[in-house]
Amino acid sequence: MSSRSPRPPPRRCRRRLPRPSCCCCCCRRSHLNEDTGRFVLLAALIGLYLVAGATIFSALESPGEAEARARWGATLRNFSAAHGVAEPELRAFLRHYEAALAAGVRADALRPRWDFPGAFYFVGTVVSTIGFGMTTPATVGGKAFLIAYGLFGCAGTILFFNLFLERIISLLAFIMRTCRERQLRRSGLLPATFRRGSALSEADSLAGWKPSVYHVLLILGLFAVLLSCCASAMYTSVEGWDYVDSLYFCFVTFSTIGFGDLVSSQHAAYRNQGLYRLGNFLFILLGVCCIYSLFNVISILIKQVLNWMLRKLSCRCCARCCPAPGAPLARRNAITPGSRLRRRLAALGADPGAHDSDAEGRRLSGELISMRDLTASNKVSLALLQKQLSETANGYPRSVCVNTRQNGFSGGVGALGIMNNRLAETSATSR
């Protein structure tokens, strides 16, 4: 009986498994260029929106413009023939009248444009970016002063609008939270001795409750409609406009579009003139603030639609280039590499070590990791931690959560930064 030396175990092949480089590139590119993709998609949608709007307005208004030009030409010819005035001389007279209109001169008796009330109305339209255009500076000094005045005035007014938006969102959140607490107390889910700020409130589910953007949109929309209807009723009775024209003026003014075809408080005298001008000022102020807040809440919905479209596009891309279900996954972190794959293979009854390979950059379970590899793999987390420590040291700590990136509302500038983490759809826990 010959003794045989034990056969060495078969050497495991260290062949590198094929990796779906296309999927990795697509996923990495989608994370890096998510904001750029959202910007490009929004620009394309705005372009299509402009084309659609131009088509509709051209179809609606072009026939009326052609008829008005034909009537005006016939009126000029009839006037020239009836009064014996040559048509070129008549057109020269009309050009002088247009220059008088630009200077603020009207055929009807209007109030002075550049007295103190008129100048105050003018600077109000400048800093609010309404810009009706019925009053414009004609001197070189006035135009030069307007550039500097509008630069700081518009910036300060935008800051005022943002602060108003912050206050109105906080107020609506407080009111809706109070209503929800009363509803839960009536249903018996909260005790009658419940007080905000107590230990129970901190542990309660309402501690992290935030209002939904749809509820805020509904409240702001109803308030804007009510405000516009009340203002239109005032303009119809005082200015003598049609009610539809008054509604049109309210939207054009409150949204700071300011065409200037209809302008309020321009006659020389009104009945109850002081009361009317005060009401006009308050309606315009509240209307501009309300519509500005409403526009920013609507922008949240538009951003949600853009995020949904980007997710659909990324899912279609990943469906074509993602690996098969049995393919090995990339390592999840630097400390326990491949742990997700090992758990998955163990659940399927396969050998977890069959996919281990040094060529794939995986570490043994007992091998220590260097500080260099640790900091290289967790540089994003360390940067966020450093930012949190810095903000805490400076006295204005703000909770920075990595999950805010998942819903596409992380960060933000201006109004978007104000509404970040204030609504349920812009919070870190929303999906």
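## Basis of the Description

Helices (H or I, at least four residues) and strands (E, at least two) are DSSP runs, numbered from the N terminus. The structure is a predicted model, in which local features need pLDDT of at least 70 and side-chain atom pairs count only at pLDDT 80 or more, while totals for chains, interfaces and linings use all residues. Residues are numbered from 1 along each chain as its sequence is written, and side-chain values use heavy atoms, with hydrogens and water left out.

## Overall Architecture

The protein contains 13 helices and zero strands. Along the sequence, the pattern is accordingly written α-α-α-α-α-α-α-α-α-α-α-α-α.

Of the 431 residues in the protein, 28% are buried; buried means under 20% relative accessible area, exposed means over 50%, and partly exposed lies in between (1.4 Å probe, protein chains only). The accessible surface comes to about 29,100 Å², and carbon and sulfur atoms account for 64% of that area. Such areas come from the Shrake-Rupley method with a 1.4 Å probe; for residues, only the protein chains shown count as cover. Among contacts between residues at least 6 apart in sequence, 62% join residues at least 24 apart, a contact being heavy atoms within 4.5 Å.

## Annotated Transmembrane Regions

The unreviewed UniProt entry places the feature "transmembrane region" at residues 39–60, 119–140, 146–176, 213–234, 246–263 and 275–295. UniProt positions are given in the numbering used here, feature names are shortened, and annotations may be inferred rather than shown by experiment.

Two of these spans can be described further. Residues 39–60 are 100% helix and 0% strand, with 31 Å between the end C-alpha atoms. Residues 275–295 are likewise 100% helix and 0% strand, and their end C-alpha atoms lie 30 Å apart.

## Packing of Helices H2 and H3

Helix H2 (residues 34–83) packs against helix H3 (residues 87–102) at an angle of about 115°, and their axes are 10 Å apart. Axes are lines fitted to C-alpha atoms, for helices over the stretch in contact, and angles run from 0 to 180 degrees between N-to-C directions. The crossing of H2 and H3 is right-handed: a crossing is right-handed if the near helix is turned clockwise from the far one by less than a right angle, and left-handed if anticlockwise.

On the H2 side, the contact is made by Trp72, Leu76, Arg77, Phe79 and Ser80, and on the H3 side by Glu87, Leu90, Arg91 and Leu94. These residues divide into five nonpolar, one polar and three charged.

## The Loop between H8 and H9

Ser255 lies in the loop between helix H8 (243–254) and helix H9 (273–321). Ser255 counts as buried because its relative accessibility is 10%. When residues up to four places away in sequence are not counted, Ser255 touches Ile291 and Phe295.

Thr256 belongs to the loop between H8 and H9. Its phi is near 60°, a positive value in a residue other than glycine. Because its relative accessibility is 24%, Thr256 counts as partly exposed.

## Further Individual Residues

Leu285 is located in helix H9 and, at 34% relative accessibility, counts as partly exposed. Leu285 and Phe254 are 31 residues apart in sequence, and their C-alpha atoms are 8.1 Å apart in space.

Thr129 is found in the loop between helix H4 (116–127) and helix H5 (140–187). Although Thr129 is not a glycine, it has a positive phi of about 60°. With a relative accessible area of 40%, Thr129 is partly exposed.

How values were computed. Nonpolar A, V, L, I, M, F, W, Y, C, P; charged D, E, K, R; others polar.
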